[in-house]
Structure formats: structure tokens, C-alpha cells
Amino acid sequence: MGSFGKHNRETIEALQKENTLLKKQLEQLKSHGFPETVFPNNPEHFISRSPQTALLTKAISKASNAMVISNEKGLIEYANKAFETLTGYSVQEAIGKNPRDLVKSGLHTEEFYQDLWDTITQDKVWKGVIINKRKDGTLYHEKLTITPFTEPSAGKRYYIAVKEDISEKVRLEKELEESEQRFKTLMDDVSEIAVQGYKPDGRVFFWNKASEKLYGYTRSEAMGQNILDLIIPENMKPEAKRQFREIRKGRRHFDPREYELRRKDEEPVHVYSTHTVLTHANNEKELFCIDIDITQRNEAKRQIEKQAKESQIIADLGRALLGSNSAEKVFSLMGESLEKALPQTIIVVTKFLPDGKNLRIFQILGMENSLLTKALKLLNLDISQKTFPRIRDDFYEPKRLNKLDNGFEKLLTTEYPGFLVRRLQKILAIQDVFTINISTRNQSFGNIAIMTQSPDYQPNKQLVETIVYQGAITLLQTSAFQSLTKSEEKYRLIFEKSPVGVLHFNTSGIITHCNQQFVNIVGSSKEKLIGLNMLQLPDHNVVNVVKKVLQGETASWDGQYQSVTADKSTPVRLLFAPVISKDVVEGGTGLVEDRSSQLQKEKLENEIAVALESARFKQSFLASMSHEIRTPLTGIIGIIDILEKADLPDTERELLSIMKNSSENLKEIINQVLDFSKIEAGKIKLKPRNFDLNHILETTKNLFYDSSGKNIVFQIRKDPKIPRVIFADESRITQIINNLLSNAVKFTTEGKITLHSNLIEQSSDRPDVKIKIEVEDTGKGIPLEKQKMLFKPFVQVDEKSFSHTEGTGLGLSICKELTTLMGGQIGVNSQPGKGSTFWFTFVARRAQYELVSQQTERKHPSQPKSLNILLAEDKVVNQKVITLMLKSQGHNVVVANNGHMALSLYKENNFDLILMDIQMPLMDGVTATNILKANHSDLPPIVGLSANALEGDREKFMAMGMDEYITKPVKRDDFNELTIKLFG
């Protein structure tokens, strides 16, 4: 409010002092009384003439306030000099007049004057402010006090009026009020300057519109509230409380400064604030705060600083890229620049491998070391080696930064399972993934993935793309330079290391350059070849080729070339072409291919094709012969099984035993031939499972001990370190042991046979174990020169010495192939006359669980009930043998000659089992089975019968619809096990 307000306050205080003095004078007048007689034209008549009253009379006449005495009729009888000054009327003009008629302004109502008259006539003092009019017509304000009194001696009533001119005071108060109102209006209407007024305890008493806009609180919300509860953040409250305490103690000034305050919505607001303390006359203090919003200024400053930082990053990157000569260095610099430019992000740089498709993680930035270690451990990831074999197509977004929808999972789930990716995303607090690809039409360099950890964070696309653009330009420049260098190097390498001879010749046909391969083909030194004129060669075929080239044509020739610089003849192919510049032939270049290896290769390929065709024919032939031999063998073995149950004389039973052994031997020969055929065709596959190795050793020992018929001691020695249960191909291991034991029994007439098992290798950190099996005998032994031939097919030790033995000579060769398949070896140690030790090794794995003991003798289950069986079989002998075999077990059999008859004979509920031969005329067994299953929902088990015993036949036919499968020749025990398996 300044000096103007100060002047108003001083004027008001002076008027108040003068009014107090006047009141004291009036009190003195009353205490002295009034005269007994009244003289209308002389005020001295109202008082006695004592010295004291004379002095008082003089004082009244000289008083600064106007004084008027009126009679009981209200007519003026006395007025002092101040009255003349106040009203403009002289005393003579006023005497005898009613004051109301003299100075009436017309601004008061009659009721106002009547109230005044009623008050004084009731002997009461009237006080108030009245607006009167001077003689010149101007209005003035006066503070009027009218006191009624009665003159004691005459008993008359008089009214003494003391008039204080307060016009100036009223004017000043009005101006002060208007000034304050203008101040309030001005401060309230200022839109950019927030003004608040606070009491010393912090309560708001003034809050302009700009404060509403700045802090979000309306005036009604703010008035009476404490500033600490409105806009002061928690960290500033101690300081604010201290300032208010200092205000209460008398502090009047605070230096202007910047503050970060809080809006109603809890958002921060930056202000430049000036504080002023005003102290009133009653010593009451008020704090006025003038705040200017500088949020935008600070934001602009922050943006300028940010732009400066970004410009510095880009400039630093540009300088660093100048010395970069490799893609790895460029990628590293880009990643580091992005890390500086993008807070709250993880930068993953992936570089394309030479194939342009696969990616390798090259760099991870912006991640705490502890988190990086945890992440890499979780993924079992080495960033220098890990390769993503295939990245989703939508990962590539060339030339611009793009948000990858479901980015983190989409980025990694091609390589890692989803649950692992989600766990890693939680550890790293990944919210969004943005990717940018660096590529050209012909070349892809790599990708940069930006993973944000704040949910509302958006990377500065323009900055990212600027950084990547800088790097991309350098990559292209580096790539172009390297491509040129590589191109030159590549050409040199192609020229020098080419598998074909390369030469250049000039327009005269003279050789100017040639590579080492051309030298090798011709068989001469390079010194002799450089400068050789090919137009002068004796071979007219070569000369014609050179002439065509020098005429601007491409020419070729195949043939036998006889070198003129060395005694060498080579089959070659020539392909020559002209070198043309601006339509002028400047010479020629030629490729010379040595066709010696190619011709040899073609010869070998023809031989291989013949061998393969022969192998395929042999495979087909063996399979066909196996099938045809097994079919009649079914009849023979079946009849033997039936006759064994008959009551025969000893002579005939011995003959039957010879027949059975011969049949079994024939069956084993067929199996060996098939195994060898499958090995040659590469069709044998291992079928590992968990099994007890000790159980196999015991069973095999018992089998050969019972069947040898010789006075031989049979021993078994087990290595306790071998795991009880292993995972390997039990069937093939059993086959090898049986073969080795069979040979030992054949060639050992007396003494002993020992079966050893040894653990020869195991690993503490892997489940693999290596086991060695040995079969040691005390037989005749094998000469050293014969030992080398043992494991070749169709080889026996000595046909003359061991003519009494039987076999194909395939057993050991099959064993060798099987051990190789199982990761092992096979061999023999033998001395003639002292015996032999055959051994083999194989690799197995320790089983993860124990098997139920298999060594407990399995009780033979009871014979199933009598079954009604439909037998579909086209061979009459097999029909009779299988029927007899089944009926001897108590079953009823109905025979169908082919698939059609099986369909017509089948009726629901009439049969408990169907035996279906695979190969039959008119309709085969597979077709008949599928028709039955298509037409009937409640079929009995259908079991396939076939002489096909190749690897995979069982699985193939069961996949075609069979419920079970058995191969011919079939024995009584085979049927018994089948019916027990199906019917319990």
C-alpha cells in the first residue's frame, strides 16, 4: 500500500486526538455550570463573570470545534467562531434560526430528524454523524453531540451542540477503502502472479485467482486452511514451521528463492516466491506471498540441458565412429551411446551371423551386474556364444524403432520356454520392448532391442534413430570397404586356391598369369608356362578354342590333353571366355578342369549304383526266402510240438528230437541271415530299456548249462560295481552273449566255461557306464592267423578241423556290428590248445529307478478257458498244424481260406479270438481287419500271423490295425503265451 496508506493512517490518528481534547473541554464547561440569566446576543450572559468563567467563555469562543446553544424551541441563541468557519453563516445570521432549517442537506429523512428531537427532548444525549450543507451549497460531514441541560435559576431547557467537522476524515477513509479495494481487485485479477495472505499461525486469509489456477484449490477451499496442509510438501514442512515462528518473533523479511511445492493433485509445481511481513498498528502481523510459476521455465531449461546432453552423446559417437573399422566396434559404440541416452532401459545388441538369419547376443547394457549374472545363470547363457537359431519375422523392423507387441516373450520364446521367459521378465522388471533393425536390401547387420523397466517410459525415438543412423552409415562404409578388400582377397583366393586351373592370355595368345592348379594339371613349372604361346601348340583343338576367344566368342572343349612342357596326358575340360573392354577384346581367361577324378568318380558311382541295386535285390530276395522258408517251417515245428505230447517209443522220440534240433538250427540260420541283411541295409535300430544285467547272465548260464550235454563246469563271475539296473538294448546284449556262449560250448569238449562281467569305465558327472563281458573257455583255441578273420561274414575258424560244427559263419560278424552300434568293441584272446576268451564292451546308462526283481521264478499261469477261434490262413499245411495245436490246448477252431471268407464266417459273439494271416489271396489280412473294425464295434482281439520277421514288421502291422502280432514258425508255447496275455 506504500506511502499512501501511511498518510491516511496518520490523518485519522490526528483527528482522533483532536476529538478527545474537545471532549475534555466540554466536560470542564459542564463542571462550571451556566449563568442564571440568558442574554440572547452575548454569550457572556450565559455565564457568571467570575475570572474562571471568563476564561472558559474565551476558550469556548476560541475552540476549534463549532459549538451551538439552542433553546427549548430549538432556536439558536449562541454560536462560536468555529461555527462560522464550519457553515459559512455568521453568528448574527444564525441567531434565532433552527439549525436544521439553516444547514439542512436534504440527504436525511424526516424520521432521522424526528428521532434526534425525540432523544434530546427526553433529556438524553444524541450522538451521531450527519451530513449538512454550507451556505455556499457544499456538503460536509460532521460528528455531532447534542446535550440537553436546564438552567437552574430560570428553570429553562437548553441544548448545547458540539460539531466536529469530519469531512476530511470521511474522505480519507473512503479513499483508503477504495485504495484497499483497488489493491484487492488488482491482486485478485492478476492471472500470472499468485498472491496469498497468511496469518502468523499459517492460516490463509487471502487467496487470489492466480493462486487457484497455480495450486488447484478454490478460494473457498483455501480460506482458513493452514498452508502446511495445502501446498507444502513433507520435506519442506520443518522449514516452513521455522519461518512462521520467526515471523511471530518479529522477522519482517525473507530472501526471494525457488521452491518446489505441491498442487492439490499432488503434482509438483516450481515457483519463484517473494515473502513480505506487514505489521498493523495493533502489532498484528500478516505474511503476504507472491509466487510466480517457473515450471515451464525449468522444463525449458531441462529440455535445453537434455538436448545439450543428447547433442554431446551424438557428437561423441560421431568422433568415436571415425576410428571404427569393424562391425563389432560399431555395435559396441552404439550400445554404449544408447545406454547414456536412455535411462531406465536395458540395451540388448544382437549381431547377425554370416548367414544373415541367425542372431548372436553381442552386448547387454544398462543392467546391474547382480541382475545380469542372475539372468544369464537362469538362461544358462554365455552372451559371447549363445545363438538364436531362428528369430520371428516380426522381430525385424528395418529403419525405425518399433514397439514389439508382447515383446519380451516374443523376443525369447523361440529359444526358451514361456515360463522361464516370464520369470526372467519379472526379475528384470521388463515392461515393454522396442526394436530397431540395421539392414540394407542385400545385407542385415543386426538388431538393437531396448527393454524399458518403467510402465510409462517411452524411449526418445528420434534420438535412438539418430544414434543408430550414425552407426548404420559407419557400418555401410565399413562394410563397403571390407567388401572391396574381401572381394580382392576373395578373387585372389579363388584364383590361387581354385580347384580348377585358371589362366589369362593376351591378344597374342601368350599366357600372362596362371594359378597353381593349372600348373599341376599340365605338369610343368609356372616359369615355363608364363610366356607360352597357345596359338603355337600342336593340339589344334586348344588352338581353335583360343582363336574363337580372341574373336570375342566363348569356347569350350573336352578331351585328352598332351602337355608340351612335360610328359603328361590328362583328360581335361576347357572353358575359355574373352576379356572385353569398350567393345575391344583385350585377351582371354580360361578355366581348365582336370577330369581324371570326375571320370573316376563317375566310374565309382556306377559301381556303387550296381552294388546298391545288388544289395536291394539281395535284401528283397532274403526277405522273400525267409518268408517262404518260415511258412513250411511252421508246419514242421508245429507237428513236432504235437508229436512231443504223444506217447512214442524211445527210438521214435530220439528221431523226433533230432528233427526238432534240426528245425531250431534252421530257424537260427534264417534269423542270422535276416540280421546280417538288416545290418547291411543299415536298418537295425537299438531299443534300449531298463533291465537287470545279472538276471541275463544267470538265465543265459542256466540255458547253456542244461543244453550242452557235456561234462563242463560252468561258472559266472559278476563285478559288484556294475549298477544292478542299466538302460541299454537288453535283446541285443543277450543275443551277443548267447552267440559267444554257443561257440564256447561247440568248441569245448571238457574243462570249464566262465562268464565274466566287469565295470571298466564310469563318470561321476554323467550317467554313462562302460561294461565288459567275457566268455572264457578251455577249448582247443584259435591260431593267431585265423583270429583276424573271425569277425568277417561267412568265415569259420577251420572248415577241416571243425567240420562237425554247424553254422553260417555270420554270428561273430553280426556281434561286431551290434557292439559298434552300442558304442563298444569286440575281440578275442586265444592260444591253440589252451582255450579262448571272447569279449565285448558296450555303453549303458545307470537307470533312474530299480526294477522289481526278475530273478524270482515266474509261476506258470493257469491255462485259459476254451476259446472259439477264427483262423484265416491260406496254406493248407499251416491250417492243419495250427488247428491241431489249438485243439490240443482245448480250443475250438473255424478255418477261413482268405479274407473274404473270414468276413462271411465272422458273426458277433461267436468268436473269442481271430488269427489273421497277413498275406492271403483274394483279400489280405490287413484289408479284412480294417473292414471288420469298420463294420463291428465289439470285435474280439485280432492277431496278425506272418512269416515277415524283419525289423519293424511287428510295429508296422499293429499300426495297420492288428491288436497283436506273432511270427512264423509258431510253436505251442507261443500260442499259450498269447492267449494268457490276452485273456489272463
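Trainee: Why does Tyr272 count as partly exposed?
Mentor: Tyr272 counts as partly exposed because its relative accessibility is 34%. Buried means under 20% relative accessible area, exposed means over 50%, and partly exposed lies in between (1.4 Å probe, protein chains only). Please note that this is a predicted model, in which local features need pLDDT of at least 70 and side-chain atom pairs count only at pLDDT 80 or more, while totals for chains, interfaces and linings use all residues. Residues are numbered from 1 along each chain as its sequence is written, and side-chain values use heavy atoms, with hydrogens and water left out.

Trainee: And where is Tyr272 placed?
Mentor: Tyr272 is in strand β9, residues 268-279. Helices (H or I, at least four residues) and strands (E, at least two) are DSSP runs, numbered from the N terminus.

Trainee: Which residues make the nonpolar surface patch with Tyr272?
Mentor: Tyr272 forms that patch together with Ile193, Ile290 and Ile292, and the patch covers about 300 Å². Patches are made of residues with over 30% relative accessible area and no salt bridge; like charges are joined within 9 Å, and nonpolar side chains (Val, Leu, Ile, Met, Phe, Trp, Tyr) within 5 Å. The accessible areas come from the Shrake-Rupley method with a 1.4 Å probe, and for residues only the protein chains shown count as cover.

Trainee: What about charge? Which residues gather in a patch of positive charge?
Mentor: Lys241, Arg245, Arg248 and Lys249 gather in such a patch on the surface. Lys and Arg count as positive and Asp and Glu as negative, whereas His and the chain ends are not counted. The place of a charge is taken as NZ of Lys, CZ of Arg, CG of Asp or CD of Glu.

Trainee: Where does Arg245 lie?
Mentor: Arg245 lies in helix α11, residues 237-248. Arg245 counts as partly exposed because its relative accessibility is 42%.

Trainee: Switching to salt bridges: how many does the count come to?
Mentor: The count comes to 30 salt bridges. A salt bridge is a side-chain nitrogen of Lys or Arg within 4 Å of a carboxyl oxygen of Asp or Glu. Side chains of opposite charge can pair when their charged atoms come close.

Trainee: Which residue does Arg263 pair with?
Mentor: Arg263 forms a salt bridge with Asp265, and their closest N and O atoms are 3.4 Å apart. Arg263 is partly exposed, at 24% relative accessible area, and Asp265 is partly exposed at 44%.

Trainee: Which residue meets Glu593 in a salt bridge?
Mentor: Arg573 does, with an N to O distance of 3.7 Å. This pair links distant parts of the chain, 20 residues apart: Glu593 is in strand β21 (residues 584-594) and Arg573 in strand β20 (residues 569-581). Glu593 is partly exposed at 24% relative accessibility, and Arg573 is partly exposed with a relative accessible area of 34%.

Trainee: And what about Glu698 and Lys718; how far apart are their closest N and O atoms?
Mentor: Those atoms are 2.8 Å apart, and the two residues form a salt bridge. Glu698 lies in helix α23 (residues 693-708) and Lys718 in the loop between β23 (712-717) and β24 (725-728), so the pair ties together parts that are 20 residues apart in sequence. Lys718 counts as partly exposed, at 36% relative accessibility. Elsewhere, salt bridges that share partners join Arg100, Lys104 and Glu110 into one network.

Trainee: New topic: what is the phi of Asp583?
Mentor: Asp583 has a positive phi of about 65°, although it is not a glycine. Asp583 is in the loop between β20 and β21 and counts as exposed, at 76% relative accessibility.

Trainee: Is Tyr158 buried or exposed?
Mentor: Tyr158 is buried, because its relative accessible area is 4%. Tyr158 is in strand β5, residues 156-165. Tyr158 and Pro148 are 10 residues apart along the chain, and their C-alpha atoms are separated by 5.9 Å.

Trainee: Lastly, what span should helix α31 have?
Mentor: Helix α31 (residues 972-983) has 12 residues and should span 16 Å at 1.5 Å a residue, which agrees with its end C-alpha atoms being 16 Å apart. The expected span of a helix is 1.5 Å times one less than its number of residues. Among the buried residues in α31 are Phe975, Leu978 and Ile980.
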